[in-house]
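This report looks at a few local features of one protein chain. Please have the sequence and the 3D view open while reading.

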Amino acid sequence: MIRVLLADDEDLIRVAVAALLGLEPDIEVVAQAADGPTAVTATLAHRPDVAVVDLEMPGLDGIGVAAELARARPECAVVVLTGHGRPGHLRQALTAGARGFLPKGAPGGALADVIRRVHGGGRYVDPSLAADALTLPPCPLTPRELETLRLAEFGAPVAVIARRVHLSTGTVRNHLSAAVQKLGAADRADAVRTARDNGWL
């Protein structure tokens with residue numbers, strides 16, 4: 001039997017996926033979690049072979065869970081499920097250690113097949129997301145612009161960012177302004193969103 005953990009903050013989806021997987025003769029759902037930190041704790045406690053995690057969860061997203069498990073329990077293969085996957089998310093998930101990346105809209109039996117594949121040591125990436133990821137443009141931002149944009153993500157004031165990166169407030173403002181302009185964004189928050197979606201942050 002392939003032992004599986006399911007993590008999704010939407011109860012209805014998690015319970016439905018567990019019921020579907022329960023119909024498979026070689027798959028057993030041994031634990032469920034409604035957020036990222038619980039998914040990590042449950043994986044360490046129940047020792048599943050495969051963790052199927054939603055991309056967007058409270059506390060720690062699916063990419064964060066994949067990174068934690070790659071460090072704490074590397075023998076557990078991680079499959080990331082997403083309702084609206086973007087190519088940047090795919091790149092981040094694979095870099096974090098995920099072995100599978102699948103949209104929630106995939107056909108019913110696809111998840112079971114992916115679980116078997118990653119349990120056997122293989123990988124699976126949704127073909128359309130893989131094609132999109134291959135055509136992603138290179139990041140137009142300098143390392144300093146990326147660094148200041150990353151620190152601005154949670155609304156940190158320019159003065160705080162300047163202290164953290166040991167630059168003047170004027171230089172930080174210039175870096176943030178350049179990032180917004182290069183990404184064709186409306187404002188800082190929009191620039192952060194664009195950089196995240198493309199996997200640059």
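## A residue in a strand

Is Thr 82 buried or exposed? The model is predicted, and in it Thr 82 has a relative accessibility of 2%. Buried means under 20%, so Thr 82 counts as buried.

Thr 82 belongs to strand β4, which covers residues 77-82. Setting aside neighbours within four places in sequence, its contacts are Asp 54, Leu 55, Phe 101, Leu 102, Pro 103 and Lys 104.

Helix α8 runs over residues 158-165, and Val 158, Ile 161, Ala 162 and Val 165 in it are buried. Viewed down the axis of α8, these buried residues fall within an arc of 100 degrees, so they line one face of the helix. An α-helix has 3.6 residues a turn, so residues three or four places apart point the same way.

The cover over the buried residues of α8 includes α7, α9 and α10 (188-197). The face turned away from the buried side carries Arg 163 and Arg 164, which are exposed. Just after α8, His 166 has a positive phi of about 60 degrees.

## How α7 meets α9

Two packed helices are described by the angle between their axes and the distance between the axes. For α7 (residues 143-152) and α9 (residues 169-182), the axes come within 9 Å and cross at roughly 95 degrees. The two helices are therefore roughly perpendicular to each other.

On the α7 side, the contact is made by Arg 144, Glu 145, Thr 148, Leu 149 and Ala 152. On the α9 side, they meet Val 172, His 175, Leu 176, Ala 178, Ala 179 and Lys 182. By class, this contact has 6 nonpolar, 2 polar and 3 charged residues.

Notes. Residues are numbered from 1 along each chain as its sequence is written. This is a predicted model: local features need pLDDT of at least 70, side-chain atom pairs count only at pLDDT 80 or more; totals for chains, interfaces and linings use all residues. Side-chain values use heavy atoms; hydrogens and water are left out. Axes are lines fitted to C-alpha atoms, for helices over the stretch in contact, and angles run from 0 to 180 degrees between N-to-C directions. Helices (H or I, at least four residues) and strands (E, at least two) are DSSP runs, numbered from the N terminus. Angles under 35 degrees count as roughly parallel, over 145 as roughly antiparallel, 65 to 115 as roughly perpendicular and the rest as oblique. Contact means heavy atoms within 4.5 Å. Ala, Val, Leu, Ile, Met, Phe, Trp, Tyr, Cys and Pro count as nonpolar, Asp, Glu, Lys and Arg as charged, and the others, Gly among them, as polar. Buried means under 20% relative accessible area, exposed over 50%, partly exposed in between (1.4 Å probe, protein chains only). The arc is that of the directions from the helix axis to the C-beta atoms.
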